Amino acid sequence: MTRLPRLYGDLAPWFHLLTAPEEYEDEAAVYEALLEDGAEGEVRTVLELGSGGGNNASHLKRRFQMTLTDVSPEMLAMSRSINPECEHLVGDMRTLRLGLVFDAVFVHDAIDYMTSRNDLGAVMRTAFDHLRPGGVALFVPDFIRERFAPRTSHGGNDKGRQGLRYLEWDWDPDPNDETYRVEFAMLLREENGTVRVEQDRHECGVFSRETWLGLLADVGLRPEARVIHVDDEEVASEAFLGVRPD
Ligand SMILES: C[S@@+](CC[C@H](N)C(=O)[O-])C[C@H]1O[C@@H](n2cnc3c(N)ncnc32)[C@H](O)[C@@H]1O
């Protein structure tokens, strides 16, 4: 992986103004149901890889005991501010080894930052190594190759006089490879009313359904693809489950 985007470094303190925890209630309910449905036996403990600002976790923690991990200490600090009761650990999802097993492993959009099959497979191996037999891993990429379409969106939030507005532009310089780009333009308004503009580029991975299912099987997980509808988005996306066999 190349350098982390600025959004997870110097701009991390703005993360909850870009995307607020309250906006995640409906989608977290979808992931909760997938985890419970996918696992054999009860799901109580969940390891999240790339948990970022802890937005999903702020809802999932009502139902599960969440252990939150991310490569960015700045993002973990943001998550701690809304999830103080959860354990937070710094770690790269490709190499993290806690020496513990969980009922489930959850990887939301952080999986987008795996830009090669090698890296994607390494995360699946991390998931396998942290699952009890019968436990389930859930991966939720923003796109798979079959469903990729260029997309423009905008949003943002205020907190007192501080505020952020962004334009996000997802596009693919080369549809024949396994990466695409996300360009962000952000307007940041400070407490004192001054506004500045920042740009951030994210290199992301995009893999076919067949590649996803094949890599999951390669690490020993029983793979399944599920079509999901999140929020009021018209376009469905696809999530992947992998159960660790007994
Ligand atoms: C969009 S944020 C995740 C937000 C999260 N879905 C939530 O609910 O708040 C993506 C995260 O992936 C993390 N990330 C990127 N590469 C990583 C890696 N190799 N290992 C662990 N985390 C990584 C970034 O630091 C960032 O916090």
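User: How far apart do the C-alpha centres of domain 1 and domain 2 lie?
Analyst: In this predicted model, the protein chain is divided into domain 1, residues 6-144 + 207-243, and domain 2, residues 145-205. The distance between the C-alpha centres of these two domains is 21 Å.

User: Which elements give two or more residues to the side of domain 1 that touches domain 2?
Analyst: The contact takes 20 residues from domain 1 and 20 residues from domain 2. On the domain 1 side, the elements that supply two or more residues are α1 (15-18) and β11 (237-243).

User: How many nonpolar residues does the side of domain 1 that touches domain 2 have?
Analyst: That side also holds 4 polar and 4 charged residues. Its nonpolar residues number 12.

User: Which residues is V123 in contact with, leaving aside its neighbours within four places in sequence?
Analyst: V123 belongs to the largest nonpolar core, of 50 residues, and is one of the members that touch the most other members, with L35, V46, A104, V105, V107 and L138. Contact here requires C-beta atoms within 7 Å. With neighbours within four places in sequence left aside, the contacts of V123 are L49, M93, R94, V107, I111 and M114.

User: What is the bridge partner of L68 in β3?
Analyst: Strand β2 (residues 65-70) pairs with strand β3 (residues 87-90) in the parallel sense, over 4 bridges. Together with helix α4 (residues 73-82), these strands make a right-handed β-α-β unit. The β3 residue bridged to L68 is H88.

Technical notes. Residues numbered from 1 in each chain as written. Predicted model: local features only at pLDDT ≥ 70, side-chain atom pairs only at ≥ 80, totals over all residues. Core = buried A, V, L, I, M, F, W, Y, C linked by C-beta atoms within 7 Å. Buried ≥ 20, exposed ≤ 12 C-beta atoms within 10 Å, placed from the backbone. Contact = placed C-beta atoms within 7 Å. Pairing = 2+ DSSP bridges. Right-handed = clockwise from strand over helix to strand, strands pointing away. Domains from an automatic or database assignment. Nonpolar A, V, L, I, M, F, W, Y, C, P; charged D, E, K, R; others polar.
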